[in-house]
Amino acid sequence: MILAFQLVSFTYIWITLIPNVCAASHIRMTHQRCSSSMKQICKQETRMKKDDSTKVRPQKYEQLLHIEDNDFAMRPGFGGSPVPVGIDVHVESIDSISETNMDFTMTFYLRHYWKDERLSFPSTANKSMTFDHRLIRKIWVPDIFFVHSKRSFIHDTTMENIMLRVHPDGNVLLSLRITVSAMCFMDFSRFPLDTQNCSLELESYAYNEDDLMLYWKHGNKSLNTEEHMSLSQFFIEDFSASSGLAFYSSTGWYNRLFINFVLRRHIFFFVLQTYFPAILMVMLSWVSFWIDRRAVPARVSLGITTVLTMSTIITAVSASMPQVSYLKAVDVYLWVSSFFVFLSVIEYAAVNYLTTVEERKQFKKTGKISRMYNIDAVQAMAFDGCYHDSEIDMDQTSLSLNSEDFMRRKSIRSPSTDSTRIKRRKSLGGHVGRIILENNHVIDTYSRILFPVVYILFNLFYWGVYV
């Protein structure tokens with residue numbers, strides 16, 4: 001009986017405890033599986049948060065700079081003292097100088113420095129943040145423009161050449177790469193021996209001196225240039241920075257900065273292209289003083305050629321210059337040289353006229369009208385290029401009014417006369433110098449000395465004054 005009771009009790013305990021043990025082990029296994037899956041979920045959530053924090057970093061920068069919290073249409077410190085804006089410039093090149101348009105083209109780096117406390121941000125490493133052109137549209141920047149500019153642009157290859165750097169304390173640097181074409185009021189009274197003073201002027205367009213104070217950041221050292229900058233027609237003698245004020249009746253006083261540079265023109269190009277040809281033409285006109293006074297075609301054609309050449313030189317110089325209403329140094333030289341050439345033509349006209357008057361007086365004294373149809377040896381040489389010393393040759397080369405008589409003489413001329421004429425042609429070389437010297441007019445004699453001396457004195461005076 002007792003044995004039966006123990007058996008029943010053991011069976012009851014077995015039936016009661018075994019399910020509970022299985023359930024506990026199942027719960028334990030389930031908990032372990034849940035904890036491992038939870039860890040994986042937590043890791044995934046952590047990774048997603050890191051990714052999310054990376055994606056919203058630009059928003060954090062905007063929040064860090066308080067861009068959404070401030071009105072950047074207003075200048076820094078609005079209502080208080082004017083905001084100081086420092087400027088420095090690095091000139092990369094002077095691309096061109098145009099005398100015709102009176103302008104110049106310059107490429108340079110323009111840097112602005114100012115402080116905007118609205119852009120300050122905390123930084124443990126005290127590092128600045130650098131941005132491109134996209135942030136400029138969201139913050140306040142100085143509105144600098146170029147006075148007397150014709151064209152200007154910011155370079156945009158491969159992106160817009162704009163750099164913005166913000167420091168933790170709110171100091172801002174804005175750098176631009178710009179090309180500007182601006183007016184240069186030139187004085188050509190000494191051209192091409194001139195020196196030109198040009199300047200590029202910077203000024204705020206909207207803010208007068210009560211709102212914005214424009215100044216050179218590092219004084220005279222704020223303007224820098226490339227070491228090997230040169231131009232084809234000019235020496236760059238000096239670069240300097242200066243400042244001043246500009247007054248407008250409707251808006252008041254404005255700060256203005258000046259980039260000044262001095263250009264001295266190369267003279268060698270104009271010596272080769274203008275001065276030297278003019279000197280040659282003047283000297284060529286003096287050759288007529290050594291040509292026989294009865295060689296009318298030779299002396300007239302030489303004088304006209306030199307006059308027309310001088311006119312061509314003057315026209316070419318004027319075409320490349322602005323139409324100014326005052327004399328330039330090159331105009332003085334060219335017109336004086338043209339005057340010398342013109343005088344050589346007038347000199348021969350006077351010589352020819354006085355020679356004709358002389359002959360008429362001589363003919364009246366001799367009383368022989370027939371002499372009008374015969375000319376002396378020098379005159380005959382001027383017409384046919386041969387030296388004559390006999391009356392027979394004079395008659396054969398005379399200016400006869402009766403053409404039939406001239407043709408008859410020519411037809412009956414003997415071979416011996418022709419051979420004699422050929423010999424006399426050969427002997428011309430030994431006598432022409434004596435003939436020219438003996439038949440010179442007194443005006444030609446004095447002109448050979450007077451013209452060169454006066455022209456040399458003019459050159460000494462000209463180069464002494466302008467150089």
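Which residues of α4 are buried? This predicted model is presented below in close-up views.

**View 1. Helix α4 and its buried residues.** The buried residues of α4 are R299, L302, G303, T306, M310, I313, I314 and V317. Their packing partners are α3, α5 (329-366) and α11 (442-466).

**View 2. Spans annotated as transmembrane region.** An unreviewed UniProt entry lists residues 267-290, 302-321, 333-355 and 449-466 under "transmembrane region". In the model, residues 302-321 are 90% helix and 0% strand, with 30 Å between the end C-alpha atoms. Residues 333-355 are 100% helix and 0% strand, and their end C-alpha atoms lie 33 Å apart.

View 3. T274 is located in helix α3 (residues 268-285). Its relative accessibility is 5%, so T274 counts as buried, the cut-off being under 20%. Beyond neighbours within four places in sequence, T274 is in contact with I313, V317, V330 and L334.

View 4. T130 belongs to strand β3 (residues 129-131). With a relative accessible area of 46%, T130 is partly exposed. When residues up to four places away in sequence are not counted, T130 touches M163, L164 and R165. M163 is 33 residues from T130 along the chain, yet their C-alpha atoms are separated by 7.1 Å. The side chains of T130 and R165 make a polar contact (3.3 Å).

Key:
Residues are numbered from 1 along each chain as its sequence is written. This is a predicted model: local features need pLDDT of at least 70, side-chain atom pairs count only at pLDDT 80 or more; totals for chains, interfaces and linings use all residues. Side-chain values use heavy atoms; hydrogens and water are left out. UniProt positions are given in the numbering used here, feature names are shortened, and annotations may be inferred rather than shown by experiment. Helices (H or I, at least four residues) and strands (E, at least two) are DSSP runs, numbered from the N terminus. Buried means under 20% relative accessible area, exposed over 50%, partly exposed in between (1.4 Å probe, protein chains only). Contact means heavy atoms within 4.5 Å. A polar contact is a pair of N or O atoms within 3.5 Å; within protein, one must be able to donate a hydrogen and the other to accept it, and residues adjacent in sequence count only if both atoms are side-chain atoms.
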